[in-house]
Amino acid sequence: MPRKGPAPRRPVTPDAKYGDTTVSNVINKVMLDGKKTVAEAIVYDAMDLASQKTGKDPLTSLLEAIEAIRPAVEVKSRRVGGATYQVPIEVSDRRQHSLAVRWLIEFSRKRSEHTMAQRLGNEIADSISERGGAWKKRDETHRMAEANKAFSHFRW
C-alpha cells in the first residue's frame with residue numbers, strides 16, 4: 001500500500017478526428033509496441049466499417065457498442081471460513097467502461113477476419129445487435145452474478 005495515497009489520475013487527451021476521449025481509450029488499447037498511428041488507422045477504419053453495417057454515425061456506433069457491453073455486476077472471490085464463495089458486487093462506472101473496452105479489443109483479436117480493422121468493426125456491429133464475443137462475456141458475467149446471488153450477504 002503506498003504511503004502517499006493513490007496515484008493521481010492522468011487526463012486522457014481526446015482523439016484528433018472525433019475529439020472524444022472514449023475513442024482515444026480504444027486507440028490506446030489497440031496500440032501495440034507504441035505504434036499509435038497504426039492503431040488510429042485501425043480504429044477509424046473499424047468505426048467506418050461498423051457505421052456502414054449499422055447505418056449510424058461512426059462515433060455513435062462505437063459508443064453504443066461500449067454501452068451494450070458494460071457490465072452492471074460481476075463476481076469476486078471471497079474466502080469465508082475455509083470456503084471460497086463467488087460474491088456478486090456492483091461495478092463502478094470507471095471499471096464498467098474499462099472492462100467494456102478491454103473485452104471489445106480482446107474478442108476482436110480472437111476473430112477470424114483478415115485485418116484488425118475488419119475484426120474490430122464487426123465486433124462493434126455485433127455488440128450493438130447483442131451478438132459477438134464481448135456481449136456474450138457480459139451476459140456470462142451477469143449470469144454468474146445472478147447464480148451466486150445467495151452469497152451476496154458476504155459482501156465487504
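A residue is called buried when its relative accessible area is under 20%, exposed when that area is over 50%, and partly exposed in between, as computed with a 1.4 Å probe on protein chains only. At 31% relative accessibility, Glu 64 is therefore partly exposed. The structure is a predicted model, in which local features need pLDDT of at least 70 and side-chain atom pairs count only at pLDDT 80 or more, while totals for chains, interfaces and linings use all residues. Residues are numbered from 1 along each chain as its sequence is written, and side-chain values use heavy atoms, with hydrogens and water left out.

The protein contains six helices and two strands. These elements are DSSP runs numbered from the N terminus, a helix being H or I with at least four residues and a strand being E with at least two. Their order along the sequence is α-α-α-β-β-α-α-α. The C-alpha trace spans about 50 × 40 × 25 Å along its principal axes. Of the 156 residues, 37% count as buried. A contact is defined by heavy atoms within 4.5 Å. Among contacts between residues at least 6 apart in sequence, 58% join residues at least 24 apart.

The interior was examined next. A nonpolar core is a set of buried Ala, Val, Leu, Ile, Met, Phe, Trp, Tyr and Cys residues joined through side-chain atoms within 4.5 Å. The largest such core has 29 residues, and those with the most contacts inside it are Val 23, Val 26, Val 30, Val 43, Leu 62 and Leu 120. Helix 1, helix 2, helix 3, helix 4 and helix 5 each contribute at least two residues to this core. When neighbours within four places in sequence are left aside, Val 30 is in contact with Ala 39, Ile 42, Val 43, Ile 105, Arg 109 and Leu 120. Thr 22 lies in helix 1, and its relative accessible area of 11% is why this residue counts as buried. With residues up to four places away in sequence not counted, Thr 22 touches Leu 63, Ile 66 and His 97.

Two helices were considered in detail. The expected span of a helix is 1.5 Å times one less than its number of residues. Helix 4 has 17 residues and reaches 25 Å from its first C-alpha to its last, close to the expected 24 Å. Its buried residues include His 97, Trp 103, Ile 105 and Phe 107. The buried residues of helix 4 pack against helix 1, helix 3, strand 1 (73-80), helix 5 and helix 6. Helix 5 covers residues 116-128; its 13 residues should span 18 Å, and the end C-alpha atoms are 18 Å apart, so the two values agree. Helix 5 is mostly covered, with ten of its 13 residues buried. Among them are Met 116, Leu 120, Glu 123, Ile 124 and Asp 126. The buried residues of helix 5 pack against helix 1 (21-30), helix 2 (36-54), helix 3 (58-69), helix 4 (93-109) and helix 6 (132-147). Glu 130, which follows helix 5, has a positive phi near 60 degrees.

Side chains of opposite charge can pair when their charged atoms come close. A salt bridge is a side-chain nitrogen of Lys or Arg within 4 Å of a carboxyl oxygen of Asp or Glu, and by this rule the count comes to eleven. In the salt bridge between Lys 56 and Glu 64, the closest N and O atoms are 2.7 Å apart. Lys 56, at 35% relative accessibility, is partly exposed. Glu 74 and Arg 95 meet in a salt bridge with an N to O distance of 2.8 Å. This pair links distant parts of the chain, since Glu 74 is in strand 1 and Arg 95 in helix 4, 21 residues apart. Glu 74 is buried, at 10% relative accessibility, whereas Arg 95 is partly exposed, at 33%. The salt bridge between Arg 143 and Asp 139 has an N to O distance of 3.1 Å. Both residues lie in helix 6, four residues apart, about one turn of the helix. Arg 143 is exposed, with a relative accessible area of 57%. Salt bridges that share partners join Arg 111, Glu 113, Glu 123, Asp 126 and Arg 131 into one network.
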